[in-house]
Structure formats: C-alpha cells, structure tokens
Amino acid sequence: MSNNPILITGGRLIDPAQKLDKKMDLLLKDGHVFWLGEEGKAPSLPEAPTILTARGKVVCPGFIDLHCHLREPGFEEKETIATGTRAGARGGFTTLCCMPNTNPPLDSRAVVDYVIQKARSEGVIRVLPIGCISQGRRGEGLAEMGELAEAGVVGYSDDGAPVSNARLMRHALEYSRGWKLPVISHCEEISLTEGGQMNEGAVATRLGLKGMPAEAEECMAARDIALARLTGGRLHLAHISSAGSVELVRRAKEKGISVTAEVTPHHLTLTEEKVMGYDTNAKVNPPLRTRTDIAALLQGLREGVIDAIATDHAPHAAVDKMCEFGLAAFGISGLETALGSLMTLVNQGELELGLVIARLTSGPAGVLGGIPMKSGLGTLKVGSPADVTIFDPKGEWLVSEASLISKGKNTPLLGTKLKGKVIATIFGGRVVYKEGAP
Amino acid sequence: MRPMVQREGAPPLSETIPEISTSVWKHNHILDLDDFTREEIELIFVITDGMKEILSREIKRAPTLRGKTVVTIFFEPSTRTRASFELAARALTADVLNITASTSSIVKGESLLDTLRTIQALGADVLVMRHSQSGAPYLAARQVNMSVVNAGDGAHAHPSQALLDMYTMRSRLGHLEGRKVVIIGDILHSRVARSNIWGLSTMGAEVVVCGPPTLLPLYMNEDRAGGQLPRVTVESNADKAVEGADVVMALRLQLERQEKGLLPAVREYVRYYQITQERLARAKPGALVMHPGPVNEGIEVSPEVSHGANSVIEEQVTNGVAVRMALLYLLAGGKKH
C-alpha cells in the first residue's frame with residue numbers, strides 16, 4: 001500500500017488480544033501497524049504522517065463480523081457488497097463474513113470468486129465469504145467444501161436454514177476437518193417453528209401470532225454439540241438466543257468439545273415485547289426472546305461461553321417489511337447500530353467496555369482461526385493489518401432511515417437515540433469511513 | 001349500492017338517547033379490547049340499547065351516519081359478521097361498499113396497502129376489515145386516514161364479536177361483575193376467545209378457558225402470562241370447568257386441527273368437550289349457552305342444547321347488528337369527524 005502513514009494520537013487504546021487498555025498512540029504504515037506506544041513518542045518517519053486526534057475517543061482493532069448478509073448476488077435490492085461494506089465501515093467493522101444464502105448461493109467456486117472479486121472492486125473493507133454446507137442449501141448433499149476452501153471461504157453454513165438431516169451434519173463436521181474450517185450451525189428444529197412469527201410466549205399468545213419456542217433452537221444445538229463430540233469437527237453456533245442454548249454451550253466447553261458461539265446485539269438488548277403493535281422491523285429469526293434469556297446471554301459473554309458478538313445484519317427492502325406481520329421477511333439491519341446497542345449495555349454496567357471490544361475483535365478472530373488468525377486480524381500488534389476503529393463512547397446519534405448507509409432500513413431502533421458513535425474506520429491503513437465526511 | 005333515502009318519521013338517534021354523553025370514548029379505531037376501559041364498554045352497551053330500539057321500529061333506520069361511507073373488506077369468508085356490519089351501517093343511513101378480496105390475492109408486498117390506499121382515495125370514513133393475518137388491521141390503522149374496525153384478524157382479536165357476546169350476557173344476566181364465564185374449545189387459535197378474555201375481565205367477570213391441552217395456550221396461566229394477559233383460569237377438564245358457570249360459550253372447532261395432529265380424533269373431542277345436557281347440568285341453573293357461529297352441528301354443542309332453552313345463539317346474532325351500529329356511531333357519528 002502506498003498510503004500516507006497515519007498517526008492516531010491521544011486516544012484510549014484498547015486491544016484485548018494484547019491486554020492493553022491505556023492512553024497510547026498508534027502509528028500505521030504500509031497497511032500495517034508500525035508502532036504503538038506512549039503519547040508523543042512515535043518514531044519520526046521520512047514522510048510526515050497524517051495525524052488523527054482521538055482525545056476522549058477509543059482506539060481499537062477494527063471489528064470483525066462473523067455473520068452478515070450482503071445479499072449479493074441475487075438480492076441487490078436489499079443490499080450490495082458496495083453498500084453493505086460501507087455500512088460495515090460506518091459501524092466500525094473492517095472485516096465482514098458474509099453468509100452464503102444468496103442467489104445463486106455460495107456453493108461453488110464460481111460464486112465465491114464472484115463475491116471476492118466484487119468485494120475487491122466495489123467493497124471498502126475486507127469480505128470473507130462463508131460457503132454453503134450443502135449443495136444449493138437444500139440440505140441433501142455436501143457442497144464441494146474443499147474447493148470452496150481453496151476459493152477462500154472461512155467457514156461453512158446453510159444459514160437461514162438449518163441442516164435438518166443429522167447424518168448430513170455429521171458428514172459436514174467430519175469432512176470440514178480436512179480444511180480446519182468451522183461449520184456454522186443455524187440451530188432450528190423446523191417442525192417446531194413452522195409458521196412461527198416470533199418467540200413463543202405470552203406476547204405471541206396475546207398477539208395471536210404463532211410462536212417459535214426456544215426449545216426449537218436448543219434441541220438442534222444439543223444435537224450438533226453431540227455430533228461435534230462424535231466427529232471432533234469444529235462447530236460454531238450462529239446467533240444463539242436462549243438461556244438454554246447458553247447452558248448447552250457452557251457444558252460442551254466444560255467437556256472440551258470443540259464448539260464456539262456467537263450472539264447478536266439485538267438478542268442482547270431487545271425482548272419479544274418489541275413486537276407489540278406488530279412492528280415488522282422486530283421480526284427476526286431467531287426471534288427476540290425474554291429478559292431471562294438476555295440475562296443468560298450476558299452472563300455467557302462475561303464468562304467466555306459466548307466467543308463473539310455478530311450482527312446477523314439482514315437488510316431488506318421496504319416492501320419486504322411494509323406488509324402484514326405474517327408475510328414480512330425475517331431480519332434486522334444491524335451493522336450500523338451494533339456498537340451503539342452494545343454501548344447501552346456498557347453504560348448500564350452490564351458489560352465492561354474491554355469485554356465488548358474483545359467479543360468484536362479477538363473473539364471472532366479466534367472463532368475463525370486459521371489464516372485470518374495467523375494474519376493478525378482482530379489485534380493491533382505490530383505487524384498486524386492496519387484495521388482500526390476510532391469511536392466516541394459518549395457520542396449520541398438518532399437512528400433514522402436517513403442516518404443509515406445500508407439499503408436495509410429495517411431496524412426496530414428507528415427513532416431511538418444511541419450513545420456510541422464511530423468517528424473513523426481505517427482499513428489496511430486507509431481511512432474508509434470518517435464521521436461527517438461525504 | 002346507495003341506501004334508501006332517509007324517510008320522514010324516523011327520529012334521529014339523539015332523540016332516542018338524548019342524555020348520553022360520549023366523553024368517555026377515546027378510540028379512533030376498534031382493533032382489540034385490550035385497551036378499552038370499563039366506561040367505554042358500558043357506553044357501547046347503553047348506545048346498543050338505543051340501537052335495539054331503532055331496530056324494533058317498523059322503519060329500522062336513523063339518519064345518524066347520513067353522508068358517511070362505510071367500506072367492508074373481507075379477506076376471509078364470513079357470512080354473519082359481514083352481513084351484520086352491512087345491516088348496521090344501512091340502518092344508520094351510511095353508504096356501504098362491500099369489497100371481497102379473495103384469500104389468494106393476499107400476496108407478499110404492498111398489495112394490502114395499495115388496496116387500503118385506494119379505499120381511502122374513494123373517500124371512506126370507516127373501514128371494516130377481516131383478515132387472516134393477525135395484526136393486519138394495525139397496519140391499516142397506521143397507514144390510512146380512516147377509522148378501522150377489526151372484524152377479525154387471524155388468531156388475535158374479534159372485538160365486535162366479544163362485545164355482542166358481552167351485551168347478550170348483560171341483557172340476560174343483568175350485569176357481568178362476578179359472573180363465571182367458561183369458554184370451551186380451540187382457545188389457541190381463537191380470536192373470539194382472546195377478545196372475550198379482555199372484555200370480560202375488564203367488566204369484572206371470572207373467565208375460565210377450557211379445551212384439549214394441545215389447543216390451550218401454555219402462556220395463559222398466570223405464572224407464564226407475564227402480565228401480558230388478564231388473569232384467567234385454565235382447565236382442561238370440561239366437567240370441572242363448567243362447575244357453577246353462569247355462561248358456557250363453545251367455540252367453533254376448525255376440523256383441520258385434527259389433520260395437523262393437534263387432536264387425535266374429532267370423536268374424542270366430542271366425547272370430552274361437547275356441551276351436553278349432562279355437562280350443562282353442572283353449571284348454574286339457567287346458565288346461558290353461547291356460540292359465535294357457525295356451529296358444527298353435533299360437535300361443539302349437542303343438538304338438544306344448541307336448540308334448547310339455555311341457548312342464546314340466535315340472540316347473539318340479533319344483538320350483533322345493534323352492537324355494530326353502536327360502534328359505527330361512536331366512530332363516525334360524533335363531532336370529531
């Protein structure tokens with residue numbers, strides 16, 4: 001990279017991978033972290049660096065999202081790689097793992113190549129595709145996992161749909177071992193969720209909407225953990241949402257089973273009551289659950305039972321949501337509201353700031369393992385990629401349709417004020433988002 | 001399509017019920033009974049009394065809603081509810097337009113909104129809407145500038161039915177406070193049950209819901225209701241449930257429930273949940289037997305009970321027109337519009 005060096009000065013530098021949380025300066029050069037150290041002590045360079053003042057701000061590794069939907073190819077009316085990566089940069093993310101439920105799905109080398117190519121030419125941050133588990137996401141035969149790995153996928157998932165056939169899941173966990181990539185499970189026993197619209201419970205009963213019980217997630221989580229134990233495969237549970245799932249992962253980890261898990265900001269902050277009034281923007285799968293579930297998810301994060309926070313950014317066009325609740329699409333647009341939502345939990349004293357950053361950086365890097373981990377994603381160690389997020393933990397902003405860069409305006413937070421605002425995002429030593437910049 | 005011109009001699013409503021103040025009325029829409037106060041429901045009853053008087057006249061018509069347009073749109077089949085709203089609107093001299101939307105036209109996208117905006121552009125004042133999707137009338141109320149009356153949405157609510165049920169109970173029993181009302185049947189999928197639970201609880205009645213355990217929601221019991229629903233007693237044994245009841249209300253059983261595996265057999269439902277003479281004998285003497293219709297003959301209620309002395313099933317239908325007149329009057333007849 002031939003960019004000018006960047007010196008970020010005066011900020012509070014938090015890098016959980018190095019157990020750092022103090023006032024430090026950071027010097028980026030040639031696309032990598034060149035130096036970090038005491039304020040004002042940066043080595044001088046032949047070319048003067050661009051200086052970014054970060055007083056009162058937090059400086060941390062760029063966030064890694066293990067789970068988002070960029071919708072391209074096939075659903076460009078909902079999002080594109082161009083808009084999705086810009087929304088990600090605005091949210092402080094420098095790496096997005098995109099889910100393969102596109103059209104065509106990412107079940108072949110050609111489609112993975114297409115996404116990687118598009119991301120290079122039109123994206124502004126790193127896109128790491130996730131390949132399908134099964135051909136066409138049909139849950140019948142395995143996708144060509146080896147060739148997908150060669151093409152550059154960082155994991156496998158049929159996300160949006162579960163792998164209902166236990167034998168196929170077993171084979172996926174076995175076969176993927178050869179490439180040391182995680183199999184990411186969307187846990188949902190569909191015979192229990194068919195026709196479901198929201199969490200099964202008192203609110204669904206009141207609203208006359210068919211519920212999706214937490215048990216539908218938990219029974220498949222239990223099945224997949226058992227299969228991970230059997231096969232020794234790498235299992236990652238996507239978007240766990242219930243207290244029961246947290247307990248299953250906790251016990252599995254205690255037994256040394258190779259399982260990791262993620263949780264979304266919306267499952268950490270919102271309950272089923274958001275659906276009252278039939279707000280289709282609160283319709284999401286897995287559904288928003290209860291306060292009890294939130295408490296367990298937070299505890300799971302604190303203990304390290306849950307490794308990562310992932311957005312499950314699921315943008316939709318207005319027409320997909322402006323309709324009867326039962327006909328509306330599932331999903332919340334989440335890349336841009338993630339940090340603000342999580343800062344609410346920090347401000348309430350539920351989570352430490354350092355922990356939140358860990359679960360957005362070193363946590364997801366650890367889940368990915370392999371090349372992303374070795375290449376230094378999720379940390380600001382010298383030599384790591386110069387992926388940096390600078391945010392104002394006190395900066396307030398109003399979530400509105402106009403305020404979102406993503407094509408997906410579908411968030412139940414519309415009209416809500418969030419505290420926690422990204423000031424600048426640097427990817428590979430280049431500023432890709434700056435607050436207020438056109 | 002236009003109703004007959006108002007005839008000489010039929011006094012306006014104000015002459016019939018001159019001293020009623022509608023100041024307690026707070027609603028622009030009737031979507032659910034969960035936000036109705038006792039005073040509002042009492043007001044509906046009192047106005048319904050006046051409407052019944054109008055309906056007893058030789059010329060069953062008052063000019064109250066003259067120049068107003070009521071549109072009914074039903075995305076689900078209905079005979080009595082639709083006819084009842086239409087008669088109610090005509091009796092108040094409103095223009096009535098009935099739109100039938102086939103269920104197959106409910107497709108994803110903005111189609112419902114397009115339809116609603118078209119109706120609005122035609123100049124409707126009140127929209128009476130039935131839809132198979134819970135919450136669809138809320139979308140209507142948010143997006144268009146008309147008063148919306150929910151004539152049944154999915155498994156959610158059917159407020160005018162509950163009001164006519166309660167009105168019928170009140171006219172037979174005098175008051176609802178402390179009365180024991182048992183609702184038997186497919187509570188899980190019933191909008192009639194949900195609206196009655198809200199209304200009856202607000203009016204101080206004791207509600208018992210009863211049905212096969214697979215058709216009883218797990219979340220109506222106080223311990224799992226989380227304050228989302230009024231306090232009701234959940235009982236799967238029909239003999240116990242009807243003990244000492246003032247009212248026994250049977251719900252229509254959708255026969256496809258058996259296909260979905262929720263019931264082993266209709267035969268078994270009849271055996272354990274049909275309202276028979278023997279079961280009814282456990283209720284209070286003279287207990288009312290109700291059914292929102294249409295009745296599956298010989299399934300929910302035995303024929304002798306259905307046509308027997310305790311049955312007020314036909315009276316429910318008759319009262320339905322007067323109750324709906326009261327609702328249309330309150331929405332479109334006041335000074336607000």
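Mentor: What follows is a set of questions and answers on this predicted model, going from one chain as a whole to the contact and then to single residues.

Trainee: What percentage of the residues of chain A count as buried?

Mentor: Buried here means under 20% relative accessible area. The accessible surface of chain A comes to about 15500 Å², and carbon and sulfur atoms account for 51% of that surface. Of the 438 residues in the chain, the buried share is 64%.

Trainee: Among contacts in chain A between residues at least 6 apart in sequence, what share joins residues at least 24 apart?

Mentor: The contacts in question are those between residues at least 6 apart in sequence, with heavy atoms within 4.5 Å counting as contact. Within that set, the share that joins residues at least 24 apart is 74%.

Trainee: Which residues of chain A lose the most area to chain B?

Mentor: The size of an interface is often given as the accessible area lost when the parts come together. Between chain A and chain B about 2100 Å² is buried, with 57% given by carbon and sulfur atoms, and the contact takes 22 residues from chain A and 31 residues from chain B. On the chain A side, three residues that together make up 33% of what that side buries lose the most area, namely Arg206(A), Met322(A) and Glu324(A).

Trainee: Which residues of helix α12 of chain A are buried?

Mentor: Helix α12, residues 338-347 of chain A, is mostly covered, with eight of its 10 residues buried. Just after α12(A), Gly349(A) takes a positive phi of about 80 degrees. The buried residues of α12(A) are Ala338(A), Leu339(A), Gly340(A), Ser341(A), Leu342(A), Met343(A), Leu345(A) and Val346(A).

Trainee: What covers the buried residues of α5(B)?

Mentor: Helix α5 of chain B, residues 136-143, is mostly covered, since six of its eight residues are buried. In α5(B) the buried residues are Ala136(B), Pro137(B), Tyr138(B), Leu139(B), Ala140(B) and Ala141(B). The elements of chain B that cover them include α4 (111-121), β3 (126-131) and β4 (147-153).

Trainee: Which residues does Leu55(B) touch, not counting residues up to four places away in sequence?

Mentor: Leu55(B) is found in helix α2, residues 38-56 of chain B. Leaving out residues up to four places away in sequence, Leu55(B) touches Lys60(B), Ala91(B), Val321(B), Ala322(B) and Met325(B).

Trainee: Where in chain B does Pro294(B) lie?

Mentor: Most residues other than glycine have a negative phi, and most peptide bonds are trans. In chain A, however, the peptide bond from Asn103(A) to Pro104(A) is cis, with omega near 0 degrees, and Pro104(A) is found in the loop between β9 (93-98) and α2 (109-122). In chain B the bond from Gly293(B) to Pro294(B) is also cis, with omega near -10 degrees, and Pro294(B) lies in the loop between β9 (288-290) and α13 (303-306).

Trainee: What relative accessible area does Asp30(A) have?

Mentor: Asp30(A) lies in the loop between β4 (25-29) and β5 (32-37) of chain A, where it has a positive phi of about 55 degrees although it is not a glycine. Asp30(A) counts as partly exposed, because its relative accessible area falls between 20% and 50%. The value for Asp30(A) is 39%.

Definitions and conventions. Residues numbered from 1 in each chain as written. Chains lettered and ligands numbered in written order. Predicted model: local features only at pLDDT ≥ 70, side-chain atom pairs only at ≥ 80, totals over all residues. Heavy atoms only, no water. Buried < 20%, exposed > 50% of the residue type's maximum accessible area, 1.4 Å probe, protein only. Areas by Shrake-Rupley, 256 points an atom, 1.4 Å probe, with all protein chains shown as cover. Buried area = accessible area lost by both parts, 1.4 Å probe. Helix = DSSP H or I, 4+ residues; strand = E, 2+ residues; numbered from the N terminus.
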